[in-house]
Amino acid sequence: MIRTHNCGALRSTDIGKTVTLAGWINRRRDHGGVIFLDLRDRWGMTQLVVDAQVQKRLNRIDRVRPEYVVLAEGRVRKRPEGLENPRLQTGEVEVEVKEFRILSEAKLPPFELESTKETDEGLRLQYRYLDLRRSRMQHNLRFRHQVTRVIREYLSDLEFIEVETPFLTKSTPEGARDFLVPCRLAPRRFYALPQSPQLFKQILMVGGVDRYFQVVKCFRDEDLRADRQPEFTQVDIEMSFVEAGDVLTLVEGMISAVLEQALNQEAKVPFPRLSYHECLTRYGTDKPDLRIPLVMEDLTQLAVSEHASPLWPAKIPDDFMLSVLPLPGWKGFSRKVGDDLAALARHRGVALSWVRNEANEPSSPLKNKLSKQGWDTLTGHLQAKGNGIALVSWGNKEKVREFLGEQRKERGRELFGEPEGFSFCWVVDFPLFEWNEEERRWDSMHHPFTAPHPSDLERLETETPRVRAQSYDLVLNGFEVGGGSVRIYDPVVQEKIFRLLQLSEEEIQRKFGFFVESLQYGCPPHGGIALGLDRLVMALCGETSIREVIAFPKTQKGTCLLTGAPSPVEMEQLTPLGMRLKNET
């Protein structure tokens, strides 16, 4: 090692020692013949002092600029009284330089590394090697490492085995497009990069591994956004001889260990467990941010009883909903705000009005459009919520939930400020199937290996929409950070699911034949979960994009601005694969 200490190590107890430091110049200041240099590495920053006599002796010291890589030897001394820097861990001391060497010169960076101004993200990703030097990225990558280390240690202590599964595998439907890899040794055949290790980890359970985990890269060719990347990392877990509650309890313990060891915080366990239906009704989403203390309420029954009202059809359709969002204490409301919200709601395909709930007499444009009994029922219900405004929306159930759910988040921030802290919850009892209108058939809401709720097995073919899945999503601050289920281990049930999904025998054998056969050889009951490591770290770091916690991310168009990938390849590379581009003759 050419250095004796890192740049965050020196304290007052080191005064008088001769030390050697190495790192990047963060800032240079010339004060009356004395040069002050802030030397930075990933551990921190130390101030170097070069007096006039030393400057004359040292070669090229006058050329040093920010981002030069240098080596400095000198004596640790106390900073003059009143000139300490409490923002630095090394702020009580400085190093009086005696020897100095430039190890590597640097061009002027295209952006300020520690500027408080927002830097164009495209520029940051193009020069990611510079962006990674910033304290924000250094912190996020260290934190990601801590989270991963705690998870590995926690699961290993519980006798889980980390097993690697293949990256080059068979294309199977997982809900998104596969990335395909041509194979030179098998012309016109393709590998697929895994969207998840789902079938392999279930086969590990058939193989008697019993407790498996893996911190694994997965790949999905899907449209991107702030919390999605074409390649991402997940913590994959599978266990034999368990029920859903066992998996949930395991993950709660693991998250508690992460918060305690990586953030020095305590998790409130067990996490709340909310049904899918309850989430949509109360929060308008299956990914609720429970830090916002506002709840929507379903008053559809009021609309049914008010069948003569001109507000909605006399015969209420099955997909109709009347919902109300109480906003106690909302002082920013005015009639113009109400009119603007109503216009926005119309644009989104739903109707919206409001009720001003006051102690003396509630008021609303709805008053004369409801019967006295209907009006009294509505206002009587709201009076228990306290004074304030209530938004009332009606129309298509899905659109009403979505619109009021968005208003819940937006008005919640207006009323209570930006929410802080960490709020976890489980969302359970998802429907096993969802209707594919385009293809006029049922699709699996999660994947076709999810077990139905035991009490719903008899409804599989007669009441398909009402069948609940033994699945569960972990939600943190409005982000889905994990999802899993108890798996089907009975080949008869698995065959029924495939049949309901209208998969032919040929399709089943072609896509899943190896897995279906494994179920014939004694498969234990099992279940598991996959946690999105990128999303989890993003939320725990307080970031809003997973690109801030990934060393080399892609843009929202799936490109790597650092390397230029994806990029063209030479024809000589395609020929052995039996491929050529369409526009090539």
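A residue is called buried when its relative accessible area is under 20%, exposed when it is over 50%, and partly exposed in between. Keep those cut-offs in mind as we look around this structure, which is a predicted model.

Let's start with R149. Its relative accessibility is 31%, so R149 counts as partly exposed. Where do R149 and E153 sit? Both are in helix α4 (residues 135–157), and because they are four residues apart, about one helical turn separates them.

Why would such side chains pair up at all? Opposite charges on side chains can pair when the charged atoms come close.

How many salt bridges does a search of the whole structure find? The search turns up 53.

| Salt bridge | N to O distance |
|---|---|
| R57 and E99 | 3.2 Å |
| D456 and R459 | 3.4 Å |

Now take R57 and E99, whose closest N and O atoms are 3.2 Å apart. R57 has a relative accessible area of 48%, so it is partly exposed. E99 comes in at 40% relative accessibility, so E99 is partly exposed as well.

D456 and R459 tell another story. Is D456 buried or exposed? With 1% relative accessibility, D456 counts as buried. R459, on the other hand, is partly exposed at 24%. Salt bridges can also share partners, and in this way R124, R128, D131, R134, R136, E543 and E548 are joined into one network.

Finally, have a look at D227. You'll find D227 in the loop between β9 (211–219) and β10 (231–240). Its relative accessibility is 15%, and buried means under 20%, so D227 counts as buried. Which residues does D227 touch, leaving out those up to four places away in sequence? They are F479, R535, M538 and I546. L274 is another matter: D227 and L274 are 47 residues apart along the chain, and their C-alpha atoms are separated by 23 Å.

How values were computed
Residues numbered from 1 in each chain as written. Predicted model: local features only at pLDDT ≥ 70, side-chain atom pairs only at ≥ 80, totals over all residues. Heavy atoms only, no water. Helix = DSSP H or I, 4+ residues; strand = E, 2+ residues; numbered from the N terminus. Buried < 20%, exposed > 50% of the residue type's maximum accessible area, 1.4 Å probe, protein only. Contact = heavy atoms within 4.5 Å. Salt bridge = Lys/Arg side-chain N within 4 Å of Asp/Glu carboxyl O.
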